[in-house]
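Thanks for coming, everyone. Please take a look at the model on the screen, and then I'll walk you through it.

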Amino acid sequence: MGDAAPVVEIKHLSKIFREAKEEVRALEDATLSIRQSEFFTLVGPSGCGKTTLLRLIAGFEQPTSGEILLYDQPLADLPPYRRPVNTVFQSYALFPHLTVDQNVAFGLEMQGVDAARITQRVAESLALVQLEGLGPRRPSQLSGGQQQRVALARALANRPKVLLLDEPLSALDLKLRKGMQIELKRLQLNTGITFIFVTHDQEEALTMSDRIAVMNKGRILQVGTPTDVYEKPADRFVANFIGDTNFIEAQFREDAGTAGCFHLANGMAFDAHETNDLIAGQHVVLAIRPERAALVEHGLGTLAGTLSNIVYFGTDTTYHVAVPGCGELQVRSQNRQGAGAHFHTGDAVDVQIPPDAVRVLAS
Amino acid sequence: MSRLSRNPLMRFPGMAPVAGFAFAFLYMPIFVLIALSFNENRIATIWSGFSTHWYGVVLGNDDILHAAQNSIVVAVVAALTGTLLATIAALGMARGRFRGQTGATAVLVLPLIVPEIVTAVATLLFFVLIGFKLGLLTVMVAHTVFCIPFAYLPIRARLDGMDPALAEAAADLYANEWQAFRRVTLPLLWPGILSGGLLSFIISLDDFVLTYFVAGAGATTLPVYIFGMIRIGVTPEVNAVSALMLAVSILVVSLSWLIGRTQR
Amino acid sequence: MGGSAVTKQMLRRASLIGPALLFIGVFMLIPIGLMAYVSFLERGEYGGVVWHAYTGEAYSNFLFERDLDGSLLLNTDYLQIFSRSLGLATVTWGLTLLLGFPTALYMALQPERLRNLLIFLVTIPFWTNLLVRNYAWILLLRNNGLIDGTLSHLGVTNEPISLLYTPFAIGVGLMYSFLPFMVLPIYASLEKVDLRLVEAAFDLGANHLKALVRVIIPLARPGIMAGSILVLIPCLGAYVTPELLGGSKSMMIGNLIQTQFGAARNWPFGAALAFVLLAMVLITMMIYTMRSKRGPEPAS
């Protein structure tokens with residue numbers, strides 16, 4: 001976790017690219033505050049502006065408007081080599097004509113650190129990423145995973161205030177990636193460096209981060225802890241991007257004696273739970289996580305439908321239920337009792353939705 | 001066309017014989033020339049024995065040596081100047097689009113498009129008009145003009161093939177523009193520069209038409225001299241000196257080829 | 001915010017590209033402009049030009065000559081030279097294409113080691129002295145030259161034949177000089193062809209010939225066009241080959257131009273001819289750029 005003092009502050013940052021009579025609004029009015037020693041992740045689909053934001057912090061692009069502050073100092077016109085931040089590039093960008101040792105030492109050499117200190121730091125950094133002994137090799141002689149660690153060591157050797165990571169794990173295969181996720185998290189906790197991590201993989205964002213910023217089409221949609229973002233998505237996009245969600249359109253009506261009711265187009269209805277800001281007659285979209293819903297026998301649940309598909313994942317099973325007027329709802333349950341098939345495709349079933357599992361989104 | 005090409009299905013009838021003929025066609029005259037240069041006989045095309053006599057005659061001929069020296073001096077100066085101008089131009093053209101880019105590229109490769117006889121005429125008229133006396137300097141200047149695009153193309157190709165993230169990584173690691181250039185861009189660009197330089201050198205060494213027009217007296221280069229010799233007649237000396245020029249060209253091209261292959 | 005950084009970048013670019021552009025501008029563009037200017041000047045009495053005396057004489061010289069009484073008579077000599085040049089360039093283009101395409105195809109289908117060797121072998125003639133390479137053909141084609149000698153040795157001919165100093169000799173010389181210029185671009189194009197497309201063609205019932213014509217050749221089109229340009233343009237302006245192998249009876253445009261600066265001493269005419277040649281080349285280049293921008297043609 002981080003303490004309260006903000007390390008990086010982004011204020012109304014915008015970036016417009018003008019390429020051959022076309023205008024691309026890569027980033028629009030982004031405002032963020034990142035705290036000391038935080039593992040902060042920018043997540044979103046390609047083109048959402050997360051990499052642009054990272055590059056603006058690093059100094060590879062200049063903002064069209066807005067400010068970036070590092071420890072209250074504006075970064076404004078500072079070129080990248082004057083900013084105390086370092087980047088781990090998606091393509092690693094290791095210098096092919098230098099050895100691993102020389103790569104890791106590069107930043108220190110540029111800063112004029114003396115030779116003895118450099119040797120020591122390089123050894124420390126390589127040890128940190130478990131690559132001792134590979135110093136004399138060239139990048140071309142290393143595997144993808146090893147190259148990735150060298151890129152990490154090269155950045156960390158400079159003890160930056162902030163480490164920027166641009167989708168560093170996207171080129172690795174699954175097993176390797178999972179291992180590196182754990183290692184990166186461990187590294188961050190040990191060194192206490194503020195990490196700003198960019199990824200398009202929402203699972204990665206959830207598992208590694210202290211806080212997440214979900215972005216789309218150049219805008220920041222929501223900032224919060226993984227739990228916040230998952231349990232209380234701010235809008236339809238966030239709900240859909242992070243994890244799976246069922247969306248149901250309904251109308252809120254106040255019924256006497258109850259907190260209120262959501263009425264669906266198909267005539268079904270169920271009770272509401274949080275109704276604080278809702279007006280009678282308001283059209284809303286309800287977001288329900290598949291794992292919060294349950295599949296029950298016909299007549300015992302909230303919504304009635306037909307079981308159309310069963311998808312077995314090993315650890316859990318997802319049931320697709322066709323509910324008239326709602327489309328297909330997904331219900332996910334863990335295979336606690338092994339893969340026992342209680343229900344069969346074609347059965348008439350009910351979907352049980354606990355009232356507190358319903359998240360109301362504006363329509 | 002990769003590994004799949006080893007599939008015997010990919011054999012097109014007639015390909016191999018035509019290719020064979022083409023290679024034979026390309027190399028037969030060269031072999032004939034080299035073979036005849038070792039001919040003892042004064043009459044070039046009647047073989048009477050193996051001899052390196054004519055090579056000795058050629059290497060002892062002061063005029064030839066002087067012309068060769070001129071050629072080399074011109075080639076070195078033109079290649080160095082042309083490569084330098086081409087290198088900084090390539091660096092200026094890299095990374096991103098800007099206004100006038102197509103125009104600049106067009107001008108840079110113009111010497112490759114304009115027929116050499118046209119360039120020769122135009123350059124001659126220019127030198128005469130401004131009173132620039134024809135001599136070795138005029139040849140150097142004229143050669144530099146076409147050395148620029150010959151060096152520019154391989155350097156530009158090499159630059160375009162470089163990961164743009166490398167320059168950014170250097171800046172990220174506290175290198176200012178000059179340091180980044182010296183420690184990252186230049187070492188990686190170097191094989192391209194060398195290759196471009198060697199190619200320019202060879203092109204200048206072999207040049208005839210342009211040199212013929214703008215060389216003054218005393219500024220004869222080897223190709224111009226050989227042309228004069230051929231005009232007079234076919235002699236064994238011509239064979240020998242031609243074979244020597246061939247050997248030099250092949251050597252330099254091979255060198256340039258090897259350099260291009262070592263750095264991937 | 002980013003304004004001054006942008007102009008600083010533009011300034012930097014300009015200072016890097018500037019020197020090279022300036023050099024070519026001064027020593028190539030200006031001279032060409034001057035050449036166009038000279039073509040409109042009057043011919044000097046002992047060669048050279050008369051400055052400030054303007055006339056279109058040089059251009060009319062192309063088709064007409066002045067009779068003793070000053071009237072214009074049609075003169076087809078120069079037209080012949082131009083048509084010969086065009087004809088030879090076209091024939092050379094066609095033959096290099098016929099010979100070059102299968103060669104490039106063969107090369108593209110070889111395993112990597114052999115392929116690299118073949119590329120190297122094709123590249124070498126590319127970079128060796130044009131003069132020397134054409135001279136080698138003199139050895140072969142002349143009276144009692146190698147070909148003649150072999151033929152009479154074999155008893156095919158009784159008298160010495162001279163293949164030299166004929167348009168045929170020029171054609172052979174041009175083809176020899178520019179074959180690598182056709183092979184290498186076509187090879188570069190073929191190398192990029194995805195062979196799986198050919199497999200797909202086979203799968204759909206095409207035999208080798210059909211696959212070649214309907215799939216491979218269209219995909220190699222950029223290379224074929226590049227190679228064609230690289231052969232046609234130098235052929236039009238060729239000087240060395242026709243000079244060594246053609247003799248005075250078979251002149252091409254290049255020789256004609258050189259004569260104006262040599263024996264004939266008609267500089268404006270030479271400049272005009274060179275300018276016309278340049279115009280022909282530039283028009284060809286424009287057609288080429290427009291056609292290659294249009295991209296692959298829709299299937300007919």
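Helices here are DSSP runs of H or I with at least four residues, strands are runs of E with at least two, and both are numbered from the N terminus. Residues are numbered from 1 along each chain as its sequence is written, and chains are lettered from A and ligands numbered from 1 in the order in which they are written. This is a predicted model: local features need pLDDT of at least 70, side-chain atom pairs count only at pLDDT 80 or more, and totals for chains, interfaces and linings use all residues.

Let's start with one residue. C:A136 sits in helix α5 (residues 130-141) of chain C. Is C:A136 buried or exposed? A residue is buried with 20 or more other C-beta atoms within 10 Å of its own, exposed with 12 or fewer, and partly exposed in between; C-beta atoms are placed from the backbone. C:A136 counts as buried because it has 25 C-beta neighbours inside 10 Å.

Now its contacts. Two residues are in contact if their C-beta atoms, placed from the backbone, lie within 7 Å. Setting aside residues up to four places away in sequence, C:A136 touches B:P29, B:I30, B:V32 and B:L33. C:A136 and C:G173 lie 37 residues apart in sequence, and their C-alpha atoms are 9.6 Å apart.

Next, the contact between chains C and B. Chain C puts in 78 residues and chain B puts in 71. Which element of chain C gives the most to that side? Helix α1 (residues 3-38) of chain C does, with 18 residues. By class, the side of chain C that touches chain B has 61 nonpolar, 13 polar and four charged residues. Nonpolar means Ala, Val, Leu, Ile, Met, Phe, Trp, Tyr, Cys and Pro; charged means Asp, Glu, Lys and Arg; the others, Gly among them, are polar.

On to chain B. Chain B has 11 helices and zero strands. Its C-alpha atoms fill a box of roughly 70 × 65 × 30 Å along the principal axes. Of the 264 residues of chain B, 48% are buried. Take the contacts in chain B between residues at least 6 apart in sequence: 77% join residues at least 24 apart.

Chain A next. Chain A has eight helices and 20 strands. Its box is roughly 75 × 50 × 45 Å, again for C-alpha atoms along the principal axes. Buried residues make up 37% of the 363 residues in chain A.

How confident is the predictor? pLDDT is its confidence in each residue, from 0 to 100. Chain A averages 89, and 95% of the residues score at least 70. In chain A, confidence is lowest in strand β13 (residues 269-271), at a mean of 76, and highest in strand β3 (residues 39-43), at 97.

Look at one hairpin in chain A. Strands pair if DSSP finds at least two bridges between them. Strand β17 (residues 316-323) and strand β18 (residues 327-334) of chain A run antiparallel, joined by eight bridges. A:T317 stands opposite A:S333. Three residues lie between β17(A) and β18(A), and A:G325 in the turn has a positive phi of about 90°.

Last, the largest nonpolar core. Such a core is a set of buried Ala, Val, Leu, Ile, Met, Phe, Trp, Tyr and Cys residues joined through C-beta atoms within 7 Å. This one has 261 residues, and A:I57, A:I196, B:V121, B:I148, C:A271 and C:A274 touch the most other members. Helix α7 (residues 167-191) of chain C gives the most to this core, with 15 residues.

Definitions and conventions: pLDDT = per-residue confidence, 0-100.
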